[in-house]
Amino acid sequence: MARVLQWWSHSKTVALIWFVSAIVFYTLFQMALRNSNSASSGRYYAFIPSLPFGSRENFVEFDLALMNFDFADSLVSSEVRRSKLYDGMARDLDEKGAAFLKQGETSQSLSLSDIFTLKDGSVEPVLKAANPPVRANVLYLSTEYSVPISETVKRIVNPYFDKSIWFQNSSLYHFSMFHASHHITPVPATEDEIEAEVNAVRATSKTLCPLNIVLDRVVLTSTGVLLGCWQVTSGTDPVTIRAKLRTALPRAPEKQLYDAAILHTSFARLLGQPKASAMDSHNSDLVQFFHELVARLNMELRGFRAVVSELWYVEEYDVLALALNGRMKVRRFQLGCPTN
């Protein structure tokens, strides 16, 4: 009888462990499906703790190619992924220094002299025709939110520089999402092909929900760009948006310009030295000066909240037209957010 009771007790324990393991595995599996946005192949393992740890039988093997999702990415949320990206961007100035003062490259492999010139102490854009035109899909930040940000940036930054700053046009604040063609990998298109792309993007916009976003931080990169780096509190995540645009635009360049998770917009670009008077208390330590300037911006702007509800399909007839106030054609689509 004692042996029977012992066997019964052991069986119940094993059954309970398997039940709990099954629940945990199912939960992780559902999370992975929800967060997945692209297919991956490879072999991954789910740990089942009912056997001695380290046994090969502890692991249930499955093939991601059959499941059509990236299990590894699903375990790291887009928010965490963005935070890591922003951490790296914040370190860029320390690691590379103020390269923009030496006319270094921009983030898109263009030299600063390719896109800006100093004329009578003021910054002017160098507008060059894009052949073929760049076709960009961007989320638009309305002036309800961009103007207060722009005014704050100008108020804090302007006193330290002699006009050697290019401020992003506050009516064109945007988040680059996906390019149907860009200057690194041009994809020519006929008028009919462009209209087909426009229709595909319009249809995609109806499946996307407005994004409620919060400014995570402001960073200054080694290329001199003051960037707003954002997190999403609700709405369609940028990873999902880019995946849907990839499906809608199959002719697009395989290599895109930005990480799929990132959500950032340019506020301004620094192109020259700060005033000598601004450096008096910094012993010519430029990096320290820039860190303090960014800290002031973060004190006022971090936590700023906004809503993004428009997706734009933009034909840029000049290189970086959105950033440089160049020639462009814009098609605007409201994010539809289907109830189902």
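Let me start with what covers the buried residues of helix H6: the cover includes strand E6 (165–167), strand E9 (225–234), strand E10 (264–270), helix H10 (286–301) and strand E11 (305–308). Contact here is heavy atoms within 4.5 Å, and helices (H or I, at least four residues) and strands (E, at least two) are DSSP runs numbered from the N terminus.

A word on the source. This is a predicted model, in which local features need pLDDT of at least 70 and side-chain atom pairs count only at pLDDT 80 or more, while totals for chains, interfaces and linings use all residues. Residues are numbered from 1 along each chain as its sequence is written, and side-chain values use heavy atoms, with hydrogens and water left out.

Back to H6. Its buried residues are Tyr145, Ser146, Ile149, Ser150, Thr152, Val153, Ile156 and Val157; buried means under 20% relative accessible area, exposed over 50%, and partly exposed in between (1.4 Å probe, protein chains only). They cover an arc of only 165° around the axis, which puts them on the same side of H6; the arc is that of the directions from the helix axis to the C-beta atoms. The face turned away from that buried side carries the exposed residues Glu144 and Glu151.

Next, a loop residue. Ser222 sits in the loop between strand E8 (211–220) and E9. Is Ser222 buried or exposed? Ser222 is buried, with a relative accessible area of 4%. Leaving out residues up to four places away in sequence, Ser222 touches Asp92, Leu93, Lys96, Gly97, Ala98, Ala99 and Phe100.
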